[in-house]
Amino acid sequence: AAFFGPVARGNPVVDSFESELRRVLSSLRRLRGATEAKTPQHDLHRHGANTLFNIWIKYKPRLPEWYYNERLVKVGDTLAQIKEYKLALLQCYERYLQQFVSVNLDDVMDDVHRFKSIFFPNGVRDKKAALTFHALQARNVCIYQMVCSRDRNLQNRESLQTCLNVLTSLRLTMQAALPQENLCWLIYNGTIHLYTVCRHLMVMGQSAKVLEYLLWASICMESSIPLLSVHYLTWRATLYTAVSQCYFDCQAGIHGEIFARRGLIKIEELKQLEDISSSLEHTETEKIFREATLKMSVMIFKRAVYESRRKSNSFRQESKVNPRKAVNLSRPHTTTERLLVEMFDGAAAQFLAILEALSDSSRNLLPPHPPVPDETEIRDVTSELFSAGLDILSGNSLKKQEHPFYFENIFVITAGEKGVSGDAAVKFVKLAFSYEEWDVFYSALEFVDNFLQTQDDPTWKKAETELKLLTLMQPLVFPGKFQRSFSVSNDNSKEASTLQGSEKTQTIRSECCSELLKPEDPFHDLTILATTVSSCVSTSEQNVHPDKEILVDVVMCLWQKCKTELQQIQMSGSDCLEYIHKHQAYQWVHILWIMNEIIEKSNIADTNVMFAEITLCLAVILENAADS
């Protein structure tokens, strides 16, 4: 018989239901841990999923509807916490939402009025509305996480479209909930989910598609009265910054600056209200407003530092300052540094502004190239930014930085801090490489290398490895141009001590110099780079492996250097071994073999179609060698 009595402890039906749920969730939690330990147990997982399915079927007619529905959503939350997103989606959230609609849920996400009439027939003030809103929002989070698990780089068009559908659905849910102040928690969570998906798509080069959603999230924070408090200002400034960055990514820097200035006005309005009646400690509110203002100022500086120079065509040309000697000069000593000092207090804030001004989503680490467009004023500003950054780096001790939000360094540095974060310094060195600022690259590398060698955390070991790979690639990308970066003075001046650096970095430099030292061996630099990368990806410590983007760049660099010779070997057909012996081409095949090992061990085969060409080339050469 169906149970319709009160839900209380000691009721045998409720106790049995809760006991079975605890057992299956405990089992799934253990299996998830085993899966992350690389020992998947698919049969046991399938059994757990079937058990959960049977529990819902068994107890639905025996429990009050409200209690059953609450447990559906609560169990879904638990499953999502242990990353069982598919189970949470199919067995919990969508099972709950099926009471409202029997068709595909995505088919009713195109109109807010239809959406509200289906999921909220009694209005959004109904006591069930909050649970329904939560289930709708959590469903979208699970769908997004499932996309990430199978296609993190969004290689398939369907994956990108699914992410855009998730954004649309989240926005629709927030639109329905926005008028209700008691649902402000859902609006706040919704902005976090929107931002998470949008940031992922921005990294994938889809800023134009996500701009409208980030704008919506920002407006939602401004439209919900409870979310206008100082407590939420840090997050609101984060959203403002993301919108500005999106405009910059879309080559609409003027709109990025305008939106940042708008953000400053909103921050100032709140500050005036807060001065009238403050509910927080004065020092705490000051810090919040200072950080929010810094984020907006950085986005303004990102464009202003270049545009001010473009407009001042008649400004007095200043002699360029050698970045090596900049450490001995008093600041500010360039137009760019004067603007930095005027707009920002503290080395950390100034360094952050420099990084953001140099950062460009359209610029890849490889191949390195000067600023585009090729304007003298822009080149001058870029050089001055690097010189100022090196100046700050040389006069400040690096420090660790741990923060849950890391977006282009903007959310990890507070105004007035004196130290430069290790993350920011590593990025600065990579940017110098990208812009072909070799003097700055090697000088900054000395400071950063000294810091990295004193750290034991895998994060820093990974950074150390990546910088070493860049150092080994430099002579291959620009042979001969780097030699002037190695001279070290023998006197005791600050310049000499600054440039001397660590023994390890000098060793790397020596390896980079090998092409000049051994001109008779064209394979030397290629072999060193290939074997070093292979060693990096062969370690079992996954968290110290270089980023896939750098690995892809390295393999592509090796392939471009070897491609012509390897294709000649490939075309030699049945005379393969004779050709290799005649032209002393063993090393080319050896490097090709290492490249394939790197592709296999680092799981980057699906990131670039050219990797298939590399594998095919090796297969053909081996087949020809076998037939020779």
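Author: The dialogue below takes up the chain as a whole, then its cores, its cysteines, its aromatic rings, one glutamate and the backbone angles. This is a predicted model, in which local features need pLDDT of at least 70, side-chain atom pairs count only at pLDDT 80 or more, and totals for chains, interfaces and linings use all residues. Residues are numbered from 1 along each chain as its sequence is written, and side-chain values use heavy atoms, with hydrogens and water left out.

Reader: How many helices and strands are in the protein chain?

Author: Helices (H or I, at least four residues) and strands (E, at least two) are DSSP runs, numbered from the N terminus. The protein chain has 26 helices and two strands.

Reader: What percentage of the residues of the protein chain count as buried?

Author: Buried means under 20% relative accessible area, exposed means over 50%, and partly exposed lies in between (1.4 Å probe, protein chains only). Of the 628 residues in the protein chain, 52% count as buried.

Reader: Which residues have the most contacts inside the largest nonpolar core?

Author: In soluble globular proteins, nonpolar side chains tend to be buried together. A nonpolar core is a set of buried Ala, Val, Leu, Ile, Met, Phe, Trp, Tyr and Cys residues joined through side-chain atoms within 4.5 Å. The largest one here has 97 residues, and Trp 56, Leu 79, Phe 119, Phe 133, Leu 167, Leu 201 and Leu 214 have the most contacts inside it. Helix α6 (residues 129-150) gives the most to this core, with eleven residues. A second, separate core of 96 residues includes Leu 358, Leu 472, Leu 551 and Trp 588.

Reader: What is the count of disulfides?

Author: A disulfide is a pair of cysteine sulfur atoms within 2.5 Å. By this rule the count is zero. Cys 557, for instance, is in no disulfide, and the nearest cysteine sulfur, that of Cys 562, is 8.8 Å away. Cys 557 is buried, at a relative accessible area of 11%.

Reader: How many aromatic pairs does the structure hold?

Author: A pair of aromatic rings is described by the distance of the centres and the angle of the planes. Rings of Phe, Tyr and Trp (its six-membered ring) pair if their centres lie within 6.5 Å; planes under 30 degrees apart count as stacked, over 60 as edge-to-face and the rest as tilted. The structure holds 22 aromatic pairs. One of them joins Phe 386 and Tyr 435 edge-to-face, at 5.4 Å centre to centre and 65° between the planes. Phe 386 lies in helix α15 (residues 376-395) and Tyr 435 in the loop between α16 and α17, so this pair ties together parts 49 residues apart in sequence. Phe 386 is buried at 0% relative accessibility, and Tyr 435 is buried at 8%.

Reader: With which side chain does the side chain of Glu 222 make a polar contact?

Author: A polar contact is a pair of N or O atoms within 3.5 Å; within protein, one must be able to donate a hydrogen and the other to accept it, and residues adjacent in sequence count only if both atoms are side-chain atoms. The side chain of Glu 222 makes one with the side chain of Arg 262, at 2.7 Å. Glu 222 lies in helix α9 (residues 207-223) and counts as buried, at 16% relative accessibility.

Reader: What is the phi of Lys 83?

Author: Most residues other than glycine have a negative phi. Lys 83, although not a glycine, has a positive phi of about 70°. Lys 83 lies in the loop between α3 (65-81) and α4 (85-97) and is partly exposed, with a relative accessible area of 45%.
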